[in-house]
Every structure is written in C-alpha cells, then in structure tokens.
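Subject: Structure handover and notes

Hello,

Here is the structure you are taking over. Please open it alongside the notes below.

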Amino acid sequence: MWNTVTHDSIVENIGNSFQIGNTGHSYLISGEISVGKTTLAFDMARMFNCESNDKPCSSCTQCVRIDRNVHSDVRYLVPNSSTDFIGINHVKELKSEVYLKPYEGKNRIIIIDQIHRLTKEASNSLLKILEEPPENVIFILLTNKFKSVLPTIVSRCRIFQLKPTSRDVISLHVTNNFSINNEMVKEISAISEGRLGWAIKASNDFQIVENLKKEIIEINDIFNSGIDEKFKYIDNLASEFSSDRNSLPMKLQLWIDFLRDLIFYKSGFKERLKFSIMQKNYQIIDSQISYSEIVKLIVNLDSIIQYFDNNINPKLLLERFVLDLPEIRKSFNGI
Ligand SMILES: [Zn+2]
C-alpha cells in the first residue's frame, strides 16, 4: 500500500514502469516543502525492495524495516544542520557504500533531500556516480527548488513534479482522519495551500497554525508601523538569520503570503485568502496600496530569498525592502 496520497498519476506511472521492468537509476522529485516528496521516496524504496506481489505491501519484512527507517540498504541524506549544505564528505561516504552489493534487500536506495543544497564539489562527485550508476542502486533526489539543481544532474534523472492539491481534497482528508472541528479544518486547508504533509502536521499539532497566525499579525503590525519600528524589526531578523539560516526565508515567505492575501482581498477573491482572520486588517490597507506596488514588493522579496541561497548578508537587502513599504495611515473607522 502506498502512503502517498493525492499524486495518483505519478504513483501509477512509477508503479507501472517498475512492473514492466523499466526502472530508472535516478529519479528527481520536485515540489513545495511538505507536498509529499519524502513520503513518495520512501514508498518507492519499499516498492523496489518489497517481497509481496502487490508492491509496496507495507507488511513484508522489507517494507516494515524501511517504514521504521532501520533498513540498512536505504539511506536518507539531508543537508548538514549547521552549514545547511551537503558537502563532498557526504558524497565520499556514499561512494564507499554504493559499490557494495545490497545487504538485506534487492536494491540499495539513496534518498538525498534538498539536492539543490549540494556544494559544487559534491555535485560533481555525485554526477560521476550518476553517469555510471552501480547495479542495484537507485538514487531518489528531492528538491523544492528545481531551478537551482545543476542541469547536468537533472539530465541524468527521471523527473516527477508533485503539485499541490485542492483545498477540498485537503479538507476531506483532514476531516476523515482527525477529530478536529470545522473551523480548524477550514483554517488548516487554507493555510496548507495544497500541501498535504503540512496539513497532517498541523492537524496533529494545531499550535503550528496558532504560531503562524501570531506571525502574520506581527507582519501586519510592522507593515502599519513607522520607519523606526521597521528598522528594529530588520535588525532582529538579521540577527536571527546569523543563528538560524532557515528562519529568515520562512519569515519572508510569510510576508509574501500576506501580500498575496492583499491581492486576493483587492480582487474580491475572499474565499482564496490564506489568513481569513486578517480581513479587517486587509480592509484598512486595501485603499492605501495599489496592485502594482504589491506586485513589486513580492518580486523584491522573491529575489531577496534567492540571494540568501548565495550566502549574501541579508541586512542591506531587507533595509531596502522596508524602505519600499508604503506609509499606512491609521484606520478611519477605529479598527
Ligand atoms: Zn512489502
């Protein structure tokens, strides 16, 4: 049984190719964070090693050991937590493994998450393995930044792009699998933006949603504040960034979500808002900012996020961004 939900045609394609003996040596699965890439990769690892007829079965020794993450032939590699990169040492370690025969299964599976975080040296070293892949070794590479993956690596892989699913599908899945009230289901479906993995996490721990709501309120406050407050906020963001590189892109993504919500509000698509609790706040800002100003801010934020990948100090970029924010007059109706 596949644990992957909603990506039916991709699952069918991979399953059918495998059944007719047409298995690739390297796969590249791209898609947003929490859209289901890792789940699909582990499903494939089970399918490639499953001992039953209906693969993956979830009950044979191979499937169970892979599910429990204790299978010695299935390796899951993520970027180093302190550098946020996958370096040459990781790939050297892999090299010493991949030329050995699988130990307990039929195939050795190497899953590398965030393949775009490979250093240049590591990419070139991996490329050499992909060019002449050892027998019974299957690479499953995952990325949420397809455009940043080295084209020479992309060209060696079968590519599958996981798309977000609809709010209705998320809503139905959450309703059927979790005992939470309708209002929570609605909020989770809206904020998940079609990423089922995220919706499941949030259904298990609703505090994730509450924290995001707090952050979006903070963004609204900064948006409406004076320039001194805005600069103080930037100082804090920049110092957070020095201790946790992932925090800033995530926060800026929330700024983009906030601005996109403003566009939906302006266009009258209120049912598409990600944070519908903010409607009154959007109403105050609405008349004071134009479409083109919002779009310009989103484009700027997008390029700032790209710059982070190149290790550039964010402070100057962020200062320029807040200087572009419009000055919002306080509410005329006391909200
Ligand atoms: Zn099985």
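The notes start with the overall layout and then go through each domain.

This is a predicted model, in which local features need pLDDT of at least 70 and side-chain atom pairs count only at pLDDT 80 or more, while totals for chains, interfaces and linings use all residues. Residues are numbered from 1 along each chain as its sequence is written.

Overall layout

The secondary structure comes to 15 helices and five strands. Helices (H or I, at least four residues) and strands (E, at least two) are DSSP runs, numbered from the N terminus. The domain assignment gives domain 1 (8-161) and domain 2 (206-324); such bounds come from an automatic or database domain assignment. Taken over C-alpha atoms, the centres of domain 1 and domain 2 are separated by 35 Å. Along the principal axes, the C-alpha atoms of the protein fill a box of roughly 70 × 45 × 30 Å.

Of the 335 residues, 30% count as buried. A residue is buried if 20 or more other C-beta atoms lie within 10 Å of its own, exposed if 12 or fewer, and partly exposed in between, with C-beta atoms placed from the backbone. Two residues are in contact if their C-beta atoms, placed from the backbone, lie within 7 Å. Among contacts between residues at least 6 apart in sequence, 70% join residues at least 24 apart.

Five of the five residues of strand 1 are buried. Ser-26, Leu-28 and Ser-30 point one way from the strand, and Tyr-27 and Ile-29 point the other way. In a regular strand the side chains alternate between the two faces of the sheet.

Strand 1 runs parallel to strand 4, and five bridges join them. Two strands pair if DSSP finds at least two bridges between them. Tyr-27 has Ile-140 of strand 4 as its bridge partner. Strand 1 also runs parallel to strand 5 (residues 158-161), with four bridges joining the two. There, the bridge partner of Ser-30 is Gln-161.

Helix 2 (residues 37-49) has 13 residues and reaches 19 Å from its first C-alpha to its last, close to the 18 Å expected at 1.5 Å a residue. The expected span is 1.5 Å times one less than the number of residues. Helix 2 is mostly covered, with 11 of its 13 residues buried. Among them are Leu-40, Ala-41, Phe-42, Met-44 and Ala-45, but also Lys-37, Asp-43 and Arg-46. The buried residues of this helix pack against several elements, including helix 1 (8-19), strand 1 (26-30), helix 3 (61-67) and strand 4 (137-143).

A nonpolar core is a set of buried Ala, Val, Leu, Ile, Met, Phe, Trp, Tyr and Cys residues joined through C-beta atoms within 7 Å. Of the 39 residues in the largest nonpolar core, Ile-29, Ala-41, Ala-45, Ile-140 and Leu-141 touch the most other members. Helix 2 gives the most to this core, with seven residues. Not counting residues up to four places away in sequence, Ile-140 touches Tyr-27, Ile-29, Ala-41, Met-44, Ile-109 and Ile-111. Apart from this core lies another, of 14 residues, among them Ile-219, Leu-262, Met-278 and Ile-285.

Helix 10

Helix 10 (residues 207-224) has 18 residues and reaches 26 Å from its first C-alpha to its last, close to the 26 Å expected at 1.5 Å a residue. Ile-216, Ile-219 and Phe-223 are buried in this helix. Seen down the axis of helix 10, its buried residues fall within an arc of 55 degrees, so they line one face of the helix; the arc is that of the directions from the helix axis to the C-beta atoms. On the other side of helix 10, Gln-207, Glu-210, Asn-211, Lys-214 and Asp-221 are exposed. The buried residues of helix 10 pack against helix 12 (247-267) and helix 13 (279-286).

Ile-219 counts as buried because 21 other C-beta atoms lie within 10 Å. Leaving aside neighbours within four places in sequence, Ile-219 is in contact with Leu-254, Trp-255 and Phe-258. Ile-219 and Phe-258 are 39 residues apart in sequence and 7.8 Å apart in space, C-alpha to C-alpha.

Regards
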